[in-house]
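Subject: Structure handover

Hello,

Here is the structure I said I would pass on. My notes on it follow below.

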Amino acid sequence: MSIKFYNTRTRKKETFRSLKKGVVRMYTCGPTVYDYAHIGNLRTYFFEDILRRALLANGYRVRHAMNITDVGHLTGDQDFAEDKIERRAEKEGKHPLEIAKFYEHKFLSDLQELNILPPSRLLRASEAISEQIAIIAKLEKKGCIYTDEFAVYFDTSRFPAYGKLTGQKLSEKRTGARAQVVVDEHKRHPSDFALWFFLKGRYKNHILRWPSPWGEGFPGWHIECSAISRKLLGQPFDIHAGGVDHIGTHHTNEIAQSESAFEKPLARFWMHGEFLLIDAKRMGKSEGNLLTLDYLKEKKFSPLDFRYLALTAHYRSKLNFTWQSLESARNARKELEEFTRELLKEKKGRSKGKQQPYALIEKKFMQAMADDLNTPKALSVLWKFIHHYRKSKIRQSAAAYALLLTFDEILGLGLGALKIAYIPASVQQLVNRREEARQKKHWLQADSIREELKKKGWEVKDTPEGPVVTKYY
Ligand code: AMP
Ligand code: ZN
């Protein structure tokens, strides 16, 4: 099926074809690990997961690379703001890498709870220093950098296509930027940006530091993505994705560096996820309106409720978070689970039909996904199917169940893990015998029955309510 994605770079929907047959190389900007991810951040990682799953469902292998920013991301756009991680480390009296490790771990566990597939390759900025230096050296050879006592800068006037991602001309960008960047007399043009900071001024005591041909210091934020994507995927690669806030500066700067250094495009498709809002305002640190996944869990929501909520909006639309919408998402998800369980029960004892009676519905679902990842439309195809199925007299439950699992490969709502309480009599007998043995404290016998069950593909867990058996999948 032909897939179309909206490409920020060309500002239109384009048919997607991978550069290498059968494989998609995709890079997504990772988190700056100085704090918990908020659900706005997580919406962006969710969008990238949907993108990846849609590609997988279309038969591609996906090589997905991501960076972890553990150095060099400043607290503001001004070139001499603070390093986010070093500031946090100082506040907590810890080493920056200790802070980074903690939040990286938490981030990865948030992804797991949201059923977001982990990147195939992850690399920390602090572990790709030589690659970043190599690109700066290459830029130096081409006359694209200049230095002063504080930093090495990229000279944007050396890259005429600067700003082609936003559609802005460099002159517009310069004037636009001038208003925000409080006069920075270090730079030749306001749009220039630091590639490498020296241990001067505010950064005199910067803990993370490395030698470089220009002097000891640490890399700026943008260069890490150019270096890490190149190391893990090569150049050009197929898709570069991130949040919309990255278009104007971060991605624009990545393009300027990588394309100036290697004289070929960085990526073929540029895709950007819109913001999650709360009370119609962007969810963000400076807005002070952050919600974390843990907070949603405290309020007794499952992370998958949030995933369902995110599915209800197209990734290029803003999504306004309300507790009521999260509740509706939970209800819908529960109903979907209920339906899946109904199918499981009906399916019991039936052999699979030879024909796939729901091929047309599957096609409609896949078409919605292939149209720039239209998840709201895909969900509506799913719900129409459910209503229709419940009313119809001829129910092909095995095929319907298989259809749901196919959809769930993309939706990622964990439907395949749902089980019903049906247990064959022979298995139940073994479970009962084991329970008797346990009551009599015949542990060896109980253990050997557990092994026997295991061989038959069943796992038994002891809970306060008694033994629970589940099938291995
Ligand atoms: P950061 O850790 O600040 O680099 O942000 C991680 C990702 O979250 C980036 O791709 C941002 O574009 C994205 N992001 C930040 N705020 C929001 C928001 N309110 N809604 C959606 N994505 C966001
Ligand atoms: Zn990046």
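Where does Lys300 lie? Lys300 is in the loop between helix H8 (293–298) and helix H9 (303–311); helices (H or I, at least four residues) and strands (E, at least two) are DSSP runs, numbered from the N terminus. Lys300 is not a glycine, yet its phi is positive, at about 70°. Most residues other than glycine have a negative phi, and most peptide bonds are trans. Gln235 and Pro236 are joined by a cis peptide bond, with omega about 0°. Pro236 sits in the loop between H6 and strand S10 (237–243).

Before the rest, some ground rules. This is a predicted model, in which local features need pLDDT of at least 70 and side-chain atom pairs count only at pLDDT 80 or more, while totals for chains, interfaces and linings use all residues. Residues are numbered from 1 along each chain as its sequence is written, chains are lettered from A and ligands numbered from 1 in the order in which they are written, and side-chain values use heavy atoms, with hydrogens and water left out.

Zinc site. The zinc ion (ligand 2) is coordinated by Cys29 (SG), Cys225 (SG), His250 (NE2) and Glu254 (OE), at 2.0 to 2.4 Å. Donors are N, O and S atoms within 2.8 Å of the metal (3.2 Å for Na, K and Ca); water is not among the atoms, so sites may look incomplete. Along the chain, the donors of the zinc ion have the spacing C-x195-C-x24-H-x3-E. Of these, Cys225 in helix H6 (residues 221–233) and Glu254 in helix H7 (residues 247–262) are 29 residues apart, and the pair links distant parts of the chain.

Ligand 1. There are 16 residues around ligand 1, and the closest are Gly40, Thr44, Asp245, Leu276 and Met283; a residue counts if one of its heavy atoms lies within 4 Å. Helix H1 (residues 39–57) gives the largest share of this shell, four residues.

- Asp245: a polar side-chain atom is 2.3 Å from an oxygen atom of ligand 1.
- Asn41: a polar side-chain atom is 3.0 Å from an oxygen atom of ligand 1.
- Thr32: a backbone N or O atom is 3.2 Å from an oxygen atom of ligand 1.

Taken alone, ligand 1 exposes 490 Å², of which the protein buries 93% (Shrake-Rupley method, 1.4 Å probe).

Regards

Conventions
Polar contact = N/O pair within 3.5 Å; in protein donor to acceptor, adjacent residues only side chain to side chain.
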